[in-house]
Structure formats: structure tokens, C-alpha cells
Amino acid sequence: MLRNCLRLHSRLGHSLSAPNVCPSRQALKGLPLLNGNTKLYSIITERKKFYEDVSISQGDGGMFEINLDRRKLKTPGGKLFKAPNEALAVAVANEWDTQKDTLKFYSMHLTTLCNTALDNPSLRSKDQMITAALKYLETDTICYRVDEPPSLVELQNNEWDPVLNWIEDRYNVVIGSSTSILGPEIPQATMETFRQHLGSYNFWSLIGLEYVITQLKSVVLALALIDKRMTVEQAVLLSRLEEEFQIGHWGNVEWAHDVDLYELRARTAAGALFVQFSSESSTVKRKLMQD
């Protein structure tokens, strides 16, 4: 169905006049989920699928809309769903297109991030978002080290130090690490450097970046991922290094571990894609819509 998106876009254009629809709102009011300092709309239920075709169309101001059959998608807050570019619109449309008989809203991470950007339920400014994101630098996952057992100390040094050294060189800052429960003391100059860097992101991209930071509990790993220094799998593994070490020694409930790992990968990947797509200024080639 999605491969016909652009064809439907050309055929339907702005002639869609059927009532707008907000599936998540009809199923359940958008419940706010506090994820660190980021409030994201999260639907905790499922709903029977009510549409057949998914398409996109370009609306006013160059924004792209999602059409479910002949109805326009809306946010939980009642706004018309609009993506800033075709790349992100296609990705969101794909989330709706790949749903089966039941809509699993909790798995539609890009849709949720778009809803958050459009509704901004916490009414936060960019400065507030940056301040919230930087708080994670003070408690960054890879900055907190253990002093025993020796095998875990060695593992942390071998796996985390290269990333820490990279980001310090990349941004010409000092971060450091510590075995103290208080963590390392981050210099004010470092905080200001990252504040300026985060300020270079647009509002939508910053929402995605903050989401990745909250998933990994690490500014360092999030920036390394966005900078394509590492893959999603590597970033997630490094964020769970101590947990994976303990599991290796004491075992785990295999299915529960796998579910947690896959869900974290999915959320992290979605956040990274959201940053990339939100920064995309050009439209997607038509051939990307084909199988």
C-alpha cells in the first residue's frame, strides 16, 4: 500500500475533504509518559485497524500530511498531523502501513515523536529542552565507573574510554570519569560548549536527540550515535555494559532480557532516525517509495 503513496498523493492532492481523524484520540486520550524530563504521548492500548490505504500529501507551508483512506491524521491534541519534510512523512506513513489487524500504538515511535513535536504538551522552549538534556551529562552512563571487580573495571575502561576520548577530542572539552557516587565534576566550559552545540539543532531534531539521550542515559553515547560514530546496536550495548556483564556472570530470564534489549534498540533507532529525518531539507526520491 505504501508504495502507492506518491501515486495517491498525485491523485488526491488537496481534494481530501472527508472529516479529519485522530485514531489515538478516539481509542484513548493521549496519555503523557514522563521519560526523564521529556513528556511524550504514549498510547497504552491497541485498537482494531480501521483503514486500508495510507498516503501522504503536501499541505500548506510545505508540510506533509498523513492520509488514512480519505481521512487526515490528527495528533492526540487535536492538531492536524504535519511532518516538516517528505522523508519523515514517508517513515511515519510506513509505521501506519505496516500495522496489521490491530494497531499497536506503543510501537509507533516516530508517530509519537511527531505528536510530541506538534503538540508540545509540556510547552517547553528549546532552552528548557537543552537544559534538561544536559542534566544527563552530569550523570552520564559512561562517566560512572566501578572500582571492583577488576574484570568489570577493565571492561569499562576498554569499552567506554575510547568513546569518552573521542567526544573530548571532537568537541575540545573535558568530561572525565569517576568512581564516586557523585560522578565527575563537569567543567562549566564543557557544559557551555554542549549547550551551544545542542542549540544548533532545530526544535524537531532536538526532541529526537533528547529522546535518544533518555534511552541511553548518556549524552556521550547519543552524540556518538547521531554523529555515526557507532551503530544503534553498539550504543545500546555500551549503555547496558554493566547489566550485560552481570547477566554473563549470574544468568538471566532469557525472554525478558531479549524483549528489553529489542525494545531499547527500537526506541533508540527511532530517535536517531527522527533526528536525521527532522534535519532533512530535501524531498525523498520517488524510487524510495517502491518495493
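Is K72 buried or exposed? With a relative accessibility of 11%, K72 counts as buried, the term buried being applied under 20% relative accessible area, exposed over 50% and partly exposed in between (1.4 Å probe, protein chains only).

## Basis of the model

This is a predicted model, in which local features need pLDDT of at least 70 and side-chain atom pairs count only at pLDDT 80 or more, while totals for chains, interfaces and linings use all residues. Residues are numbered from 1 along each chain as its sequence is written, and side-chain values use heavy atoms, with hydrogens and water left out.

## Salt bridges

Side chains of opposite charge can pair when their charged atoms come close. A salt bridge is taken here as a side-chain nitrogen of Lys or Arg within 4 Å of a carboxyl oxygen of Asp or Glu, and the count by this rule is 7. One of them joins K72 to E65, with 2.6 Å between the closest N and O atoms. E65 is buried, at 5% relative accessibility.

R267 pairs with E263, their closest N and O atoms lying 3.9 Å apart. These two residues are 4 residues apart in helix α12 (residues 254-278), so about one helical turn separates them; helices are DSSP runs (H or I, at least four residues), numbered from the N terminus. R267 is partly exposed at 23% relative accessible area, and E263 is partly exposed at 41%. Elsewhere, salt bridges with shared partners connect R240, E243 and E244 in one network. Within it, R240 and E243 form a salt bridge whose closest N and O atoms are 3.4 Å apart. R240 is buried, with a relative accessible area of 8%, whereas E243 is partly exposed, with 41%.

## Aromatic pairs

The structure contains 5 aromatic pairs, defined for rings of Phe, Tyr and Trp (its six-membered ring) with centres within 6.5 Å; planes under 30 degrees apart are stacked, over 60 edge-to-face and the rest tilted. F50 and Y51 make an edge-to-face pair, at 5.1 Å centre to centre and 80 degrees between the planes. Both residues, F50 and Y51, are buried. Ring pairs also link F50, Y51, W96 and F105 into a cluster.

The pair of Y171 and F194 is tilted, because the ring centres are 5.3 Å apart and the planes stand at 55 degrees. Y171 belongs to helix α6 (residues 150-171) and F194 to helix α7 (residues 188-199), so this pair ties together parts 23 residues apart in sequence. Y171 is buried at 11% relative accessibility, and F194 is buried at 1% relative accessible area.

## A charge over a ring

R170 lies over the face of Y171, 4.6 Å from the ring centre. The criterion is NZ of Lys or CZ of Arg within 6 Å of the ring centre and within 35 degrees of the ring normal.
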